[in-house]
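Subject: Structure for your files

Hello,

Here is the structure I said I would pass on.

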Amino acid sequence: MEVIRNEYLEKLKSLKDVHYIKILTGVRRCGKSTLLSQYKDILIREFGINDNQVIDYDFNDKLIADKFNWKKLTKEIENNAVQNKVNYVFLDEIQEIKNFENCVITLFENKKIKFDIVLTGSNSKMFSDELGSLFTGRYLEIHVFPFSFHEYFEYFKINDISFASVNDMFEQYIQYGGLPILLSKWNNEIIIKDQLTKILDDVINKDIKNRHNLKKNVSEFKRITNYIFDNIGKQTSANKIANYLQSNNKSTTTDKTVDRYIKWMIDANLIYRSDYFNLKGKKVLETSGRYFSIDVGIRNISAKFNLDRGYSLENLVFCEFKRLGCNLYGYKFHDGREIDFIVESKNGKLRKFIQVTEKITSSNQNAEIGNLLLCKEPYERIVISRYDKSDYTVEGVRIVNMINWLLGKEKIDV
């Protein structure tokens, strides 16, 4: 059975028949195609839309993608449309069709036939480049994440698959991530690792190499990718990465090239960048930052499962707050001590100081709690802990159990 992802489906339902192009973006295999299928079922079941009013194409299938150019696709959709009714057009991974934007424009501006268009794609920048200038203010992007731990938990619950404990399930999640396609193979490590490798290769080859015509420097790009994933959550810069490559691989790659490659990774929804924040000046510091993976499984396959528990936990917390629409920044004191995250609500009005830890002990309490107490700003201070019980306070600092929070049993207002 499938997890019904109501968060995304409710957004699509609210935009039904609104004359905007709806775009689902997200890393490959994060569940965009399944969402289209679920939305189609809702249109037919809840809204009484006839099946022949839904026109859908899955361009993940190379046989289908190779069959069309944009003109042929446009003509076939128009020929299959129902007159005097709204036709719901789903174009999955539309970037596989060259000059796809011409097809979208033609359908969107058709005065004789009504089309409600939903696209999916794995490269956010592609849509802003191809459609942005033509459809400024006329398209809406819905960013789709891999499964949260709560969705992961729900999958195993509705499919009656038991783990010894929720802790064992969490350990599986932090190891292999939440890409929905992997869940049916949950007990086969060989297949999971093979699938993760193929997904990462597909992103690099299809969403980056092919799009940017990267031919000669693929191996160098992969080295930079591996460096980023090996150093998830650690402060770095393009200049630092270029120096590392030059000293370890006799590379001639410049910091400008590294910066360009990192932007391509961000555009392909592989990673996020998190800058540092200057509390005194209330501004973002962009000279260096940290990077976090969209999915811990993708990070781990790149890093050959050389896990750093602390940074893996930080990555999970980062993605959960991003899923909630928050902005996240790092903060570093002059003496080098850090606070893991300043979490800012999407309207920018609410901020919290967040530390992430495996467990609060006598040896790390000063770092986890003491650093929070050094900040004088009137923001809530929270430690999200993997193993500590919930919900109690230490010197005004709230301690929240990570699993309880991820499962929605404890709330952090954002």
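The largest cavity holds about 100 Å³ of space in what is a predicted model. Helix 14 is the main contributor to the lining of this cavity, with 5 residues. Among the lining residues are Phe147, Phe149, Tyr173, Asn315, Leu316 and Leu406. By class, the lining has 8 nonpolar, 1 polar and 3 charged residues.

The second largest cavity has about 60 Å³ of space. Its lining includes Tyr152, Phe156, Tyr176, Trp186 and Ile192, and helix 7 (149-158) and helix 8 are the elements that each give two or more residues to it. No charged residue takes part in this lining, which splits into 7 nonpolar and 2 polar. In total, 3 cavities of 30 Å³ or more were counted.

Helix 8 (residues 166-176) packs against helix 14 (residues 309-323) at an angle of about 90°, with the axes 10 Å apart. The two helices are therefore roughly perpendicular. On the helix 8 side the contact is made by Phe170, Glu171, Tyr173 and Ile174, and on the helix 14 side by Arg309, Ser312, Leu313 and Leu316. These residues divide into 5 nonpolar, 1 polar and 2 charged.

The largest pocket contains about 650 Å³ of space. It is lined by 31 residues, of which Arg29, Gly31, Ser33, Asn60 and Ile181 are the closest to its centre. Helix 2 supplies the largest share of the lining, 4 residues. The lining of this pocket comprises 11 nonpolar, 7 polar and 13 charged residues.

Regards

How values were computed. Residues are numbered from 1 along each chain as its sequence is written. This is a predicted model: local features need pLDDT of at least 70, side-chain atom pairs count only at pLDDT 80 or more; totals for chains, interfaces and linings use all residues. Side-chain values use heavy atoms; hydrogens and water are left out. Axes are lines fitted to C-alpha atoms, for helices over the stretch in contact, and angles run from 0 to 180 degrees between N-to-C directions. Angles under 35 degrees count as roughly parallel, over 145 as roughly antiparallel, 65 to 115 as roughly perpendicular and the rest as oblique. Contact means heavy atoms within 4.5 Å. Ala, Val, Leu, Ile, Met, Phe, Trp, Tyr, Cys and Pro count as nonpolar, Asp, Glu, Lys and Arg as charged, and the others, Gly among them, as polar. On a 1 Å grid over the protein atoms alone, a cavity is a set of points where a 1.4 Å probe fits but cannot get out, and a pocket is an open set with protein on both sides within 12 Å along at least five of seven lines; lining residues have an atom within 4 Å of a point. Grid points are joined across faces, edges and corners, and a volume is the space filled by probe spheres set on the points.
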